[in-house]
Amino acid sequence: MTTVDDRTPTVADVSGPSRLAEPDEAISADELQLAARNHGLPLEALRYDVTPAGLHYLLIHYDIPEVDAATHALTIGGAVDRPLTVTLADLRERPRVTQRVTMECAGNGRALLHPRPVSQPWLVEAVGNAEWTGTPLAALLREAGLGADAVDVVFTGADHGVERGVEQDYQRALPVADALREEVLLAYEMNGAPLLPQHGAPLRLIVPGWYGMAHVKWLRSIEVRSEPFEGYQNAVAYRLRRDADDPGVPVTRIEPRALVRPPGFPDFMTRRRVLPPGPCTVDGRAWSGHAPVVAVEVSVDGGASWAPAELDPATGGEFAWRRWRHEWTATPGRYVLSARATDASGRTQPVEQPWNRGGFANNLVQRVEVVVPAE
């Protein structure tokens with residue numbers, strides 16, 4: 001039976017509050033719909049130094065907006081001495097920089113938590129390592145002339161929607177000191193080609209070392225503010241909190257993580273691996289947004305013991321992932337493969353879940369189930 005609601009609807013009526021799943025609650029149709037729109041990296045693609053654009057993880061908060069590159073312009077205003085408006089052609093005439101950057105969704109690993117936050121149900125695949133080309137943001141900010149009281153720089157995309165009852169353009173802010181880092185780019189190319197629509201065409205922000213929520217896509221305006229930005233994505237959404245009343249702390253830089261490239265071949269449904277007995281090179285990628293990765297350890301027994309892996313030379317740059325490898329002789333049996341990374345700041349991946357209400361920055365070690373059958 002259809003009921004009639006005589007109330008005048010509001011935008012908030014279509015958007016509920018955040019919540020945690022019940023202990024035995026299955027993934028919902030809404031979460032499956034999100035998972036169909038937002039895809040992860042197929043783990044076999046860890047073999048590529050540079051992730052092909054179609055295999056790079058993807059998160060789209062609202063809709064992919066229709067933006068005409070020929071007429072698109074970026075405005076820079078707020079607490080500046082000289083407001084600017086620049087076209088894509090103007091940006092292409094400025095100094096051109098290409099950087100290899102590992103980008104990871106802040107919610108990577110969320111679906112593995114207990115209890116599970118109800119949202120985009122990432123496992124461990126929300127990552128990619130691409131080459132981004134653009135021009136440094138810092139030079140434009142200096143040209144605009146930051147006010148002496150500037151605190152935050154707000155980046156607004158062209159995508160619009162409602163989230164947890166709040167209608168909004170997607171907006172994120174960086175503290176001025178972070179926005180002025182020379183490696184932060186206004187990017188218009190990915191892997192040597194113009195940005196694809198789903199990756200922010202025609203212009204996006206790239207913030208090396210930070211989780212993906214900071215890399216604003218379809219960028220249309222930059223506003224310098226003399227007070228902290230209290231927009232939804234900064235003050236409400238992307239915060240590490242224990243419960244709904246906890247103000248939390250902001251999600252910023254990427255925690256260290258290593259992923260195993262699953263060996264052998266998979267079962268269709270479960271993705272469990274079948275590996276012939278004999279010598280095997282177990283390998284994968286490791287990264288951190290805090291400092292360079294300096295060590296990776298590998299376990300083949302579910303974390304009961306660990307052995308050091310060999311790190312390849314860091315050829316991709318400061319903010320790109322690094323390949324690691326470990327030689328293993330597989331004998332018949334059942335195994336759980338894991339890897340954990342340590343960076344130069346002393347941060348190491350945990351073997352117990354670092355739980356928080358939003359499911360952010362969960363860098364719990366991966367588990368890859370492997371069966372080695374008898375010959």
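Student: Is Arg92 buried, exposed or partly exposed?

Tutor: Arg92 is partly exposed, because its relative accessibility is 37%, and that class runs between the cut-offs of 20% and 50%. Bear in mind that this is a predicted model.

Student: Which residue forms a salt bridge with Arg92?

Tutor: Look for a side-chain nitrogen of Lys or Arg within 4 Å of a carboxyl oxygen of Asp or Glu. Arg92 meets the side chain of Glu189 in this way, at 3.2 Å from N to O. The pair ties together parts that are 97 residues apart in sequence, because Arg92 lies in helix H2 (residues 88-92) and Glu189 in strand E7. Glu189 is buried, with a relative accessible area of 8%.

Student: How many salt bridges does a search of the whole structure find?

Tutor: The search finds 19. One of them joins Glu297 and Arg340, at 2.9 Å from N to O. Glu297 is in strand E17 (residues 293-299) and Arg340 in strand E21, a separation of 43 residues. Glu297 is partly exposed at 24% relative accessibility, whereas Arg340 is buried at 19%.

Student: Over the face of which ring does Arg340 lie?

Tutor: Arg340 lies over the face of Trp306, at 4.2 Å from the ring centre.

Student: How should I read the pairing of strands?

Tutor: Strands of a sheet pair through backbone hydrogen bonds, either parallel or antiparallel. Take strand E4 (residues 127-136). E4 pairs with strand E3 (residues 97-104) in the antiparallel sense over eight bridges, and Met103 stands opposite Gly128 in E4. E4 also pairs with strand E7 (residues 185-190), again antiparallel, over five bridges. There Trp132 has Met190 in E7 as its bridge partner.

Student: How many residues of E4 are buried?

Tutor: Nine of its 10 residues are, so E4 is largely enclosed by the rest of the structure.

Student: In what order do the strands of the open sheet come?

Tutor: Six strands form it, in the order E14-E15-E22-E21-E17-E18, with mixed pairing. Strands E14 (265-266) and E18 (307-308) are the edges, as each pairs on one side only. Strand E15 (residues 273-274) and E22 run parallel and are joined by two bridges; Arg273 has Val370 in E22 as its bridge partner.

Student: How many aromatic pairs are found?

Tutor: A search of the whole structure finds four. Among them are Tyr238 and Phe360: their ring centres are 5.0 Å apart and their planes stand at 35 degrees, so the pair is tilted. Tyr238 is in the loop between helix H5 (232-237) and strand E11 (239-240), and Phe360 in the loop between strands E21 (333-343) and E22 (368-372), so the pair ties together parts that are 122 residues apart in sequence. Both residues are buried. The rings of Trp287 and Trp321 have centres 6.0 Å apart and planes at 45 degrees, so that pair is tilted.

Student: How many disulfides are there?

Tutor: A disulfide needs two cysteine sulfur atoms within 2.5 Å. By this rule the count is zero. Cys105 is buried, with a relative accessible area of 5%, and Cys280 counts as buried at 9%.

Terms used: Residues are numbered from 1 along each chain as its sequence is written. This is a predicted model: local features need pLDDT of at least 70, side-chain atom pairs count only at pLDDT 80 or more; totals for chains, interfaces and linings use all residues. Side-chain values use heavy atoms; hydrogens and water are left out. Buried means under 20% relative accessible area, exposed over 50%, partly exposed in between (1.4 Å probe, protein chains only). Helices (H or I, at least four residues) and strands (E, at least two) are DSSP runs, numbered from the N terminus. Two strands pair if DSSP finds at least two bridges between them. Rings of Phe, Tyr and Trp (its six-membered ring) pair if their centres lie within 6.5 Å; planes under 30 degrees apart count as stacked, over 60 as edge-to-face and the rest as tilted. A charge sits over a ring if NZ of Lys or CZ of Arg is within 6 Å of the ring centre and within 35 degrees of the ring normal.
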